[in-house]
Amino acid sequence: MTDFSQSPPHAPLTPSDRDLTTLNTLGLSARAQACVTLSHVDQLPTLTDLALQYPGLLVLGGGSNMVLPAWIQSLVVRVALTGVRLIEERSDAWIIEAGAGENWHDFVTTCVDRGWSGLENLALIPGTVGAAPVQNIGAYGVELADRFSGLSAWHVGQRRLVQMTSAECRFAYRDSVFKHAAPGEWIIVSVRFALPKPWRPVLDYPDLRRYFGDLAAPTARDIYQAVCEIRRAKLPDPAVVGNAGSFFKNPIVSASVRDTLLQQYPGLVSYPQPDGRYKLAAGWLIDQCGWKGKQLGAAGVHDRQALVLVNKGAATADDIMTLAAAIQRDVAARYQVHLEPEPVVWRDHSAA
Ligand code: EPU
């Protein structure tokens with residue numbers, strides 16, 4: 001575990017071409033004409049200078065939420081800023097800071113090991129700490145926003161490091177201010193978490209309730225292990241089968257749309273939202289349309305979770321997006337509901 005203050009002196013940022021096939025969890029064959037690794041905050045001003053020479057800037061964390069084209073002309077930045085430290089112990093929370101390049105699951109494991117509980121429901125999510133706020137990762141009843149304290153981010157165009165609060169990040173379901181910014185506008189440098197004291201288990205999610213049954217008081221480690229087991233049973237390991245987790249967001253619809261659908265389809269899975277609307281289980285909608293386990297070209301639908309699209313071998317971004325479009329069409333035709341893709345689909349020309 002590194003302390004930020006003891007980071008080694010930085011190396012020069014020298015762009016070179018790089019194969020990204022193993023750096024995106026879908027395992028799409030991709031190559032960047034220019035790639036740099038950011039390992040120290042002192043490199044950020046140089047990065048801004050460099051960015052001006054390319055048609056765009058693609059910030060790559062764990063590559064777990066990206067659909068990459070075969071050839072990328074934008075400057076690709078691999079974020080390798082590391083370090084995890086306790087920065088404050090308050091009466092109501094541990095405040096922990098982690099470098100954006102830390103692997104998310106390793107960070108969660110470190111927190112659980114050290115008794116800083118609160119992130120255990122988010123175990124085994126692929127990707128990095130820096131990518132986590134972008135889509136406000138969430139699983140098993142907890143979202144990053146619930147445990148967020150603040151973050152530091154470099155504004156590439158304005159050449160400055162900015163501190164952002166939760167309100168400024170505008171977190172919503174799988175959404176944040178960063179999803180609406182121009183690509184490459186921000187580079188998240190480090191994230192601070194407030195892990196609550198006293199800790200309380202979050203066991204609302206049906207899978208967890210089923211797992212623990214009558215066990216009255218699971219510990220954070222019990223929940224961590226349960227979440228790992230549940231995820232391993234349902235979701236493909238990207239190291240074995242290329243995938244980007246849930247490919248679509250769960251759509252949120254009005255109560256009247258949900259009621260009408262429920263009359264027609266009594267098995268419809270939906271969850272009430274605080275604002276009176278309902279979140280529909282996209283996996284259920286896709287499954288009902290018969291897509292589970294199906295394949296189109298070199299892209300497929302996972303056989304245990306229809307919300308996950310998989311690379312069946314040598315899939316390209318086009319294969320994945322063709323399958324996604326076919327699923328969207330079927331779900332819209334049957335349920336009149338639009339499914340919105342969740343990963344970032346990179347196109348050089350869309351870059352800033
Ligand atoms: N379902 C089906 N068939 C399927 C898949 C799901 O009928 O093929 C039904 C399930 O039986 C269940 C419901 O749909 O009743 C919801 O399924 P699940 O509990 O697996 O969760 P999800 O809504 O599909 C979301 C997140 C996951 C997260 C889980 C657990 C999104 C887009 N996905 O999936 O996040 O792990 O809940 O909290 O919100 C991710 O974002 O990459 C991700 C994996």
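**Ground rules.** I am working with a predicted model, where local features need pLDDT of at least 70, side-chain atom pairs count only at pLDDT 80 or more, and totals for chains, interfaces and linings use all residues. Residues are numbered from 1 along each chain as its sequence is written, and side-chain values use heavy atoms, with hydrogens and water left out.

**Entry one: helix H1.** I asked which residues of helix H1 (residues 44-51) are buried. They are Leu44, Leu47, Thr48, Leu50 and Ala51. These residues cover an arc of only 165° around the axis, which puts them on the same side of H1. My terms: buried means under 20% relative accessible area with a 1.4 Å probe, protein chains only; helices (H or I, at least four residues) and strands (E, at least two) are DSSP runs, numbered from the N terminus; the arc is that of the directions from the helix axis to the C-beta atoms.

I then looked up what the buried residues of H1 pack against, and found strands S2 (31-38), S3 (57-60), S5 (71-79), S10 (148-155), S11 (160-164) and S12 (186-196). Contact here means heavy atoms within 4.5 Å.

**Entry two: the cavity.** On a 1 Å grid over the protein atoms alone, a cavity is a set of points where a 1.4 Å probe fits but cannot get out; a pocket is an open set with protein on both sides within 12 Å along at least five of seven lines; lining residues have an atom within 4 Å of a point. Points are joined across faces, edges and corners, and a volume is the space filled by probe spheres set on them.

I counted one cavity of 30 Å³ or more. The largest cavity holds about 40 Å³ of space, and its lining includes Ser64, Asn65, Ile125 and Pro126.

I noted a volume of about 1300 Å³ for the largest pocket. Of its 47 lining residues, Ala139, Tyr140, Arg174, Tyr205 and Asn250 are the closest to its centre.

How many residues line the second largest pocket? I found 39, with Met66, Val134, Phe178, Lys179 and Val344 nearest its centre. The volume of this second largest pocket is about 910 Å³.

Terms used: Buried means under 20% relative accessible area, exposed over 50%, partly exposed in between (1.4 Å probe, protein chains only).
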